[in-house]
Amino acid sequence: EAANSVLADKEATEEEVKTATTNLEAAIKSLEEKEENAFKAHLEIAVEEALKVTEAELSNVVPVVVEEFKAAIAEAQDILNNNKATQAEVEKSFDRLAKAMQMLSFQKGDKTNLISLIERIEALDSSKYIASTWDKLAIALEASNGVVADENAMEAEIVESYETLLKSFLELRLKPNKDALNDLINKAESLDSSKYTEE
């Protein structure tokens with residue numbers, strides 16, 4: 001108000017202008033923002049519940065969910081400690097944390113059997129098999145290797161990949177080869193007939 005008076009006064013001196021300017025700048029700097037009386041009880045409860053989740057429990061959850069869960073907790077704690085946080089910020093943080101907590105059921109799958117099958121297949125000599133059957137297996141093998149490389153792969157995805165790869169493996173057909181057939185004949189001829197019934 002004082003500054004406006006000086007501004008309107010055509011006869012105001014340079015000293016009066018400087019004083020009014022200095023006083024107005026000081027008044028602006030001394031302004032304090034009002035504390036937002038945001039409702040935070042639901043966010044407080046969400047954080048309390050989230051902090052009950054142990055590291056052991058998190059070790060079974062896919063990494064991307066764990067990362068988001070921890071980030072959501074940190075954000076929520078910052079907002080709880082911020083007296084200037086708006087209600088919109090509180091709600092957004094609550095929604096983020098609630099969603100992350102609901103995704104804690106996204107458990108990592110066990111890749112042991114899938115890896116074992118992949119190793120068995122990769123040890124095969126592709127030249128011994130009919131190309132069409134090997135090509136089908138190669139596609140399934142590539143997909144399974146992608147699942148193994150995906151740290152966020154879940155159990156259902158791993159099981160599906162294992163079954164698809166196993167079926168492709170069982171559909172492999174050897175190229176007709178007399179040597180392989182002779183091995184089988186030799187095995188049959190080496191059987192002890194006295195151990196079996198005549199039929």
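Which residues does Lys70 touch, not counting residues up to four places away in sequence?

1. The structure is a predicted model. In it, Lys70 touches Glu55 and Leu58, once residues up to four places away in sequence are set aside. Lys70 belongs to helix α5, which covers residues 63-80. With a relative accessible area of 40%, Lys70 is partly exposed. A separation of 51 Å lies between the C-alpha atoms of Lys70 and Ala20, which are 50 residues apart along the chain.

2. Helix α5 packs with helix α6 (residues 87-102). Their axes are 9 Å apart and the angle is about 150°. That angle makes α5 roughly antiparallel to α6, because angles over 145 degrees count that way. The crossing of the two helices is left-handed. On the α5 side, the contact includes Val65, Phe69, Ala72, Ala76 and Ile79. On the α6 side, the residues include Val90, Ser93, Leu97 and Met101.

3. Helix α7, residues 112-122, packs with α8 at an angle of about 140°, and the two axes are 11 Å apart. The result is that α7 is oblique to α8. This crossing, too, is left-handed. Leu114, Ile115, Ile118, Ile121 and Glu122 make the contact from α7. From α8, the residues in this contact include Trp134, Leu137, Leu141 and Val148.

4. Helix α8 also packs with helix α9 (residues 155-170), at about 160° and with 9 Å between the axes. The two helices are therefore roughly antiparallel to each other. Their crossing is left-handed. The α8 residues that make the contact are Lys136, Leu137, Ala140, Leu141, Ser144 and Val147. Among the α9 residues are Ile158, Ser161, Leu165, Ser168 and Phe169. Leu137 of α8 is listed for the contact with α7 and for the contact with α9.

5. Ser168 sits in helix α9. With a relative accessible area of 5%, Ser168 is buried, because buried means under 20%. Leaving out residues up to four places away in sequence, Ser168 touches Lys136, Leu137 and Ala140.

6. Thr133 is in helix α8, which covers residues 131-149. The relative accessible area of Thr133 is 14%, so this residue is buried. Leaving aside neighbours within four places in sequence, Thr133 is in contact with Glu171, Leu172 and Arg173. A polar atom of the Thr133 side chain lies 3.3 Å from the backbone nitrogen of Arg173.

7. How many aromatic pairs does the structure hold? There is 1 aromatic pair. The ring centres of Tyr129 and Trp134 are 5.8 Å apart and the ring planes are at 25°, so the pair is stacked. The reasoning needs two cut-offs: centres within 6.5 Å for a pair, and planes under 30 degrees apart for stacking. Tyr129 is buried at a relative accessible area of 15%. Trp134 counts as buried at 17% relative accessibility. Trp134 is also among the α8 residues in contact with α7.

Methods. Residues are numbered from 1 along each chain as its sequence is written. This is a predicted model: local features need pLDDT of at least 70, side-chain atom pairs count only at pLDDT 80 or more; totals for chains, interfaces and linings use all residues. Side-chain values use heavy atoms; hydrogens and water are left out. Rings of Phe, Tyr and Trp (its six-membered ring) pair if their centres lie within 6.5 Å; planes under 30 degrees apart count as stacked, over 60 as edge-to-face and the rest as tilted. Buried means under 20% relative accessible area, exposed over 50%, partly exposed in between (1.4 Å probe, protein chains only). Helices (H or I, at least four residues) and strands (E, at least two) are DSSP runs, numbered from the N terminus. A polar contact is a pair of N or O atoms within 3.5 Å; within protein, one must be able to donate a hydrogen and the other to accept it, and residues adjacent in sequence count only if both atoms are side-chain atoms. Contact means heavy atoms within 4.5 Å. Axes are lines fitted to C-alpha atoms, for helices over the stretch in contact, and angles run from 0 to 180 degrees between N-to-C directions. Angles under 35 degrees count as roughly parallel, over 145 as roughly antiparallel, 65 to 115 as roughly perpendicular and the rest as oblique. A crossing is left-handed if the near helix is turned anticlockwise from the far one by less than a right angle, and right-handed if clockwise.
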